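Please read it with the structure open.

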Amino acid sequence: MSTQAQKAERFRALHIPGRPLVLFNIWDVGSAKAVAASGAKAIATGSWSVANANGFADGECTPRALALDNLRRIVGTTDLPVTVDLESGYGATPEAVGETVGLAIETGAVGCNLEDSFPETGRLRETLDQVERIRKTRRMTETIGIRFFINARTDIFFQRPPEQHDDAMVVEAIERARRYADAGADGLFVPGLCDVGLIARLAETSPLPVNIMVSDGTPPLRSLAECGVARVSHGPSPYVMAMRVLEEAARAAGGSDQG
């Protein structure tokens, strides 16, 4: 059985530009076991999927205690490194975010996503605000002695539809990446970005390894690798796919005719 520190090092080493780590995001123990059985190198939760599987909306509506208990059970079922989607960190202050990450580490997680938008509105935080939240988190992890992977998510590309994405938004993302890297972030997560040219520009210039999320219009994995992407997440799509298959199977079994 690998130690948590060993898993953290293993997970960090998987982020190689041009050879992206593929994460098929899960939401519970059952989905974690299925993905692990596929030969996956790591396990990643998705907040949207965890929320929907438990009857909540995304946006930190899932109680923190429930999310952490779910994480604890997932970690306990696999020897793979587990990274958790903590949304904006469940905290209005940097100290509260650091506390949430500390609790995630106690469950055995080796990394997390931290968003730079407000969960209630999706509006971007000021860069300085997010820098302080990342810096506080990094200082807390340094006291624990595990090289915890902070995947700094920027929601810049969620502020406008994909057809309106442009070089100016990439420049803003790069500037945030630089500030987040200085504060102690380890990766840059840019959900919503799907233009291959903009992805290549970002990956070439970002000081942090770039994480792309699969959605409608996302280039194929080979193209993302050629762009220099280091991590590819599937976000909510595995949950949506699984629920669709379940519904179709129930329909085929005559579920709609049962009294």
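The points below are grouped by topic, after a short note on the model.

This is a predicted model, in which local features need pLDDT of at least 70 and side-chain atom pairs count only at pLDDT 80 or more, while totals for chains, interfaces and linings use all residues. Residues are numbered from 1 along each chain as its sequence is written, and side-chain values use heavy atoms, with hydrogens and water left out.

**Nonpolar cores**

- A nonpolar core is a set of buried Ala, Val, Leu, Ile, Met, Phe, Trp, Tyr and Cys residues joined through side-chain atoms within 4.5 Å; buried means under 20% relative accessible area, exposed over 50%, and partly exposed in between, with a 1.4 Å probe and protein chains only.
- The largest nonpolar core has 33 residues, and I43, L71 and V101 touch the most other members.
- Another core, of 28 residues, lies apart from the largest one and includes A173, Y180, I199 and C227.
- Leaving aside neighbours within four places in sequence, I43 is in contact (heavy atoms within 4.5 Å) with I26, A32, V35, A36, I74, T78, L80, P81, V82 and T83.
- In soluble globular proteins, nonpolar side chains tend to be buried together.

**Cavity**

- On a 1 Å grid over the protein atoms alone, a cavity is a set of points where a 1.4 Å probe fits but cannot get out, a pocket is an open set with protein on both sides within 12 Å along at least five of seven lines, and lining residues have an atom within 4 Å of a point.
- Grid points are joined across faces, edges and corners, and a volume is the space filled by probe spheres set on the points.
- One cavity of 30 Å³ or more is found in the whole structure, and the volume of the largest cavity is about 110 Å³.
- The largest cavity is lined by 13 residues, of which S47, V50, A67, V84 and D85 are the closest to its centre.
- Two or more lining residues of the largest cavity come from each of α3 (47-53), α4 (64-75) and β3 (82-85); helices (H or I, at least four residues) and strands (E, at least two) are DSSP runs, numbered from the N terminus.

- The largest pocket holds about 360 Å³ of space.
- Among the 27 residues that line the largest pocket, S47, D58, D85, E115 and R153 are the closest to its centre.
- Elements giving two or more residues to the lining of the largest pocket are α3, β3, β4 (111-115) and β8 (231-233), and β3 gives the most, with three residues.
- The second largest pocket, with about 160 Å³ of space, is lined by L14, I16, R19, P20, L21, V22 and K41.

**Cysteines**

- The whole structure has zero disulfides, a disulfide being a pair of cysteine sulfur atoms within 2.5 Å.

**Backbone**

- E60, in the loop between α3 and α4, has a phi near 65°, a positive value in a residue other than glycine.
- Y90, in the loop between β3 and α5 (94-107), has a positive phi near 50° and is also not a glycine.
- Y90 counts as buried because its relative accessibility is 16%.
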